[in-house]
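Subject: Model handover

Hello,

My notes follow below it.

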Amino acid sequence: YDGLKKLVDLVGPSYAKEIFYTARQFTAAEAQMMGLVNRVLPDAEGELEKYVKDYADTIANNAPITVDSIKFIVGQVLKDPDKRDLKGCEEWVSRAFASEDYKEGRKAFMEKRKPQFTGK
């Protein structure tokens, strides 16, 4: 039940039924349309490695407190409502808005430059 519920939550009941009723292999484009994958990359030498490195660098260059807060809050959203730590969510948001990185992000935006986040 748990595994199938996760699939239904991800792709919806129609696609979940189609996946199991047909047991066929789906194309990358179909998997993306269903929400099973976020991106489909060209089948070219080194393309995946370059994309993953650029993607990881993008995340690593963002404000660490904001990234951590989103990780925590999205995890809470996925929990049953009675098991969510809403106070913890509020604390993460407050911490992010009170951070030096938040000030740096706003300043960099106004100055039209890339921010230099420190995790503070």
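This is a predicted model: local features need pLDDT of at least 70, side-chain atom pairs count only at pLDDT 80 or more; totals for chains, interfaces and linings use all residues.

Thr27 and Glu100 are 73 residues apart along the chain. Their C-alpha atoms are separated by 45 Å.

Two packed helices are described by the angle between their axes and the distance between the axes. Helix H1 spans residues 2–11 and helix H2 spans residues 13–22. They pack at an angle of about 125°, and their axes are 7 Å apart. That angle makes H1 oblique to H2. On the H1 side, the contact is made by Leu4, Leu7, Val8 and Val11. On the H2 side, Pro13, Tyr15, Ala16, Ile19 and Phe20 make the contact. By class, the contact of H1 with H2 has nine nonpolar residues, no polar ones and no charged ones.

The largest nonpolar core has five residues: Leu7, Val11, Ala16, Ile19 and Met34. H1 and H2 are the elements that give two or more residues to this core. What does Met34 touch, not counting residues up to four places away in sequence? Met34 touches Leu10, Val11, Tyr15, Ile19 and Phe26.

Ala23 is exposed, because its relative accessible area is 66% and exposed means over 50%. The backbone deserves a look here. Most residues other than glycine have a negative phi. Ala23 is not a glycine, yet its phi is positive, at about 50°.

Ala28 lies in helix H3. At 42% relative accessibility, Ala28 counts as partly exposed. Leaving out residues up to four places away in sequence, Ala28 touches Val37 and Val40. Ala28 and Arg39 are eleven residues apart in sequence. In space they are 8.8 Å apart, C-alpha to C-alpha.

Now helix H7 and the segment after it.

Where does Glu104 lie? Glu104 lies in helix H7, which covers 100–110. Glu104 is buried, because its relative accessible area is 16% and buried means under 20%. The side chain of Glu104 makes a polar contact with the side chain of Arg113, at 2.7 Å. Not counting residues up to four places away in sequence, Glu104 touches Arg113, Pro115, Gln116 and Phe117.

Pro115 belongs to the segment after helix H7. Pro115 is partly exposed, with a relative accessible area of 23%. Setting aside neighbours within four places in sequence, Pro115 is in contact with Glu104, Gly105 and Ala108. Pro115 and Tyr102 are 13 residues apart in sequence. Their C-alpha to C-alpha distance is 9.7 Å.

Lys112 lies in the segment after H7 as well. Lys112 has a positive phi of about 55°, although it is not a glycine. With 76% relative accessibility, Lys112 counts as exposed.

To recap the main points:

- H1 and H2 pack at about 125°, with axes 7 Å apart.
- The largest nonpolar core is made up of Leu7, Val11, Ala16, Ile19 and Met34.
- Glu104 and Arg113 make a polar contact through their side chains.
- Ala23 has a positive phi of about 50°.
- Lys112 has a positive phi of about 55°.

Best wishes

Technical notes: Residues are numbered from 1 along each chain as its sequence is written. Side-chain values use heavy atoms; hydrogens and water are left out. Axes are lines fitted to C-alpha atoms, for helices over the stretch in contact, and angles run from 0 to 180 degrees between N-to-C directions. Helices (H or I, at least four residues) and strands (E, at least two) are DSSP runs, numbered from the N terminus. Angles under 35 degrees count as roughly parallel, over 145 as roughly antiparallel, 65 to 115 as roughly perpendicular and the rest as oblique. Contact means heavy atoms within 4.5 Å. Ala, Val, Leu, Ile, Met, Phe, Trp, Tyr, Cys and Pro count as nonpolar, Asp, Glu, Lys and Arg as charged, and the others, Gly among them, as polar. Buried means under 20% relative accessible area, exposed over 50%, partly exposed in between (1.4 Å probe, protein chains only). A nonpolar core is a set of buried Ala, Val, Leu, Ile, Met, Phe, Trp, Tyr and Cys residues joined through side-chain atoms within 4.5 Å. A polar contact is a pair of N or O atoms within 3.5 Å; within protein, one must be able to donate a hydrogen and the other to accept it, and residues adjacent in sequence count only if both atoms are side-chain atoms.
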